[in-house]
Amino acid sequence: MLKHIPAILTPDLLKILMEMGHGDEIVIADENFPSAAIAKRLIRLDGHGVPEILRAMMRFFPLDAYTQKPVALMEVVPGDPVVPTIWETYRQIISAEEPERCQIEYIEHFAFYERAKNAYAVIATGETAIYANILLKKGVVQPEEAKWHDTYWRWTSAHPPDVQSWHPTMELPYNYRRHTALSIRRLKKTANCTGICRS
């Protein structure tokens, strides 16, 4: 067991996420997707929906800053009346963690299958929504960003009662002008989820 790791991120999935390099892609697939037939590496998370998996992954998974659209969705087939309302949920999850990298590419149905064949891995889920497949391209974790995340977790572990009063003027060994607003949201989200404080 490890601290701070969401239970939905299984050992097999964590291994895959760690093995992936810059530019590698991973698909989180709905239950209708031919995951077993397509995947180079298959991770099964049956019984879970895509949003909860995406939310857990995005806390740790860097999106590619060198690609204009590091996120891809499967287009609705022309003539199909389905409106994938789940896409808006994806946008909210991604923008909460990577507000500068939430641009989305829409890929034709069968072209998405072909691209998924080249993905590093496919996560098969129990998601029942139609057109709920999402592809993520992994980016780079900069040395200073890795240092900031280490400081962030050390700080939240050492100061849980004071999360509500955390302020960006507090001294930390990293210039986090770019990350300040996002870090505050993460701190308060963590506190609210664990019942430490209420906003």
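Predicted model: local features only at pLDDT ≥ 70, side-chain atom pairs only at ≥ 80, totals over all residues.
Let me start with Leu73, whose bridge partner in β6 is Ile134, and with a second pairing between these strands, in which Val71 has Leu136 in β6 as its bridge partner. Both pairings belong to the contact between strand β3, residues 71–74, and strand β6, residues 134–137, which run antiparallel and are joined by 3 bridges.

If we now step back to the whole sheet, in what order do its strands lie? The order is β2-β5-β1-β6-β3-β4, in an open sheet of 6 strands with mixed pairing. The edges are formed by β2, residues 42–45, and by β4, residues 104–107, each of which pairs on one side only. From one strand to the next, the twist averages 20°.

Helices pack on this sheet, and I will take two of them. Helix α1, residues 11–19, touches β1, β2 and β5, and its direction makes about 140° with that of β2. Helix α4, residues 86–97, lies across β3, β4 and β6, and runs at about 170° to β3.

Let me stay with α4 for a moment, since its geometry can be checked in a simple way. At 1.5 Å a residue, its 12 residues should span 16 Å, and the end C-alpha atoms are 17 Å apart, which agrees with that expectation. Which residues of α4 are buried? They are Ile86, Trp87, Tyr90, Ile93, Ile94 and Glu97. Looking down the axis of α4, we find these buried residues within an arc of 120°, and they therefore line one face of the helix.

Coming back to β6, I would ask you to look at its two faces. In a regular strand the side chains alternate between the two faces of the sheet. In β6 both faces are covered, with Ile134 and Leu136 buried on one side, and Leu135 and Lys137 buried on the other.

Lys137 brings me to the charged side chains. The count of salt bridges comes to 8, and one of them is formed by Lys137 with Glu25, the closest N and O atoms being 2.9 Å apart. Glu25 lies in strand β1 and Lys137 in strand β6, so this pair ties together parts of the chain that are 112 residues apart in sequence. Are these two residues buried or exposed? Glu25 is buried, and Lys137 is buried as well.

Glu25 has another partner, because its side chain also meets that of Arg115 in a salt bridge, at 2.7 Å from N to O. Here again distant parts of the chain are linked, with Glu25 in strand β1 and Arg115 in helix α5, residues 109–117, 90 residues apart. The burial of the two ends can be set out with the cut-off in hand: buried means under 20% relative accessible area, so Glu25, at 10%, counts as buried, whereas Arg115, at 22%, counts as partly exposed. Together with Glu105, the residues Glu25, Arg115 and Lys137 are linked in a network of salt bridges.

Let me finish with the chain as a whole. It has 7 helices and 6 strands, and read along the sequence these follow the pattern α-β-α-β-α-β-α-β-α-β-β-α-α. Of its 199 residues, 44% count as buried. Finally, among contacts between residues at least 6 apart in sequence, 83% join residues at least 24 apart.

Note on methods: Residues numbered from 1 in each chain as written. Heavy atoms only, no water. Pairing = 2+ DSSP bridges. Helix = DSSP H or I, 4+ residues; strand = E, 2+ residues; numbered from the N terminus. Axes fitted to C-alpha atoms, helices over the stretch in contact; angles between N-to-C directions. Contact = heavy atoms within 4.5 Å. Salt bridge = Lys/Arg side-chain N within 4 Å of Asp/Glu carboxyl O. Buried < 20%, exposed > 50% of the residue type's maximum accessible area, 1.4 Å probe, protein only. Expected span 1.5 Å × (residues − 1). Arc of directions from axis to C-beta.
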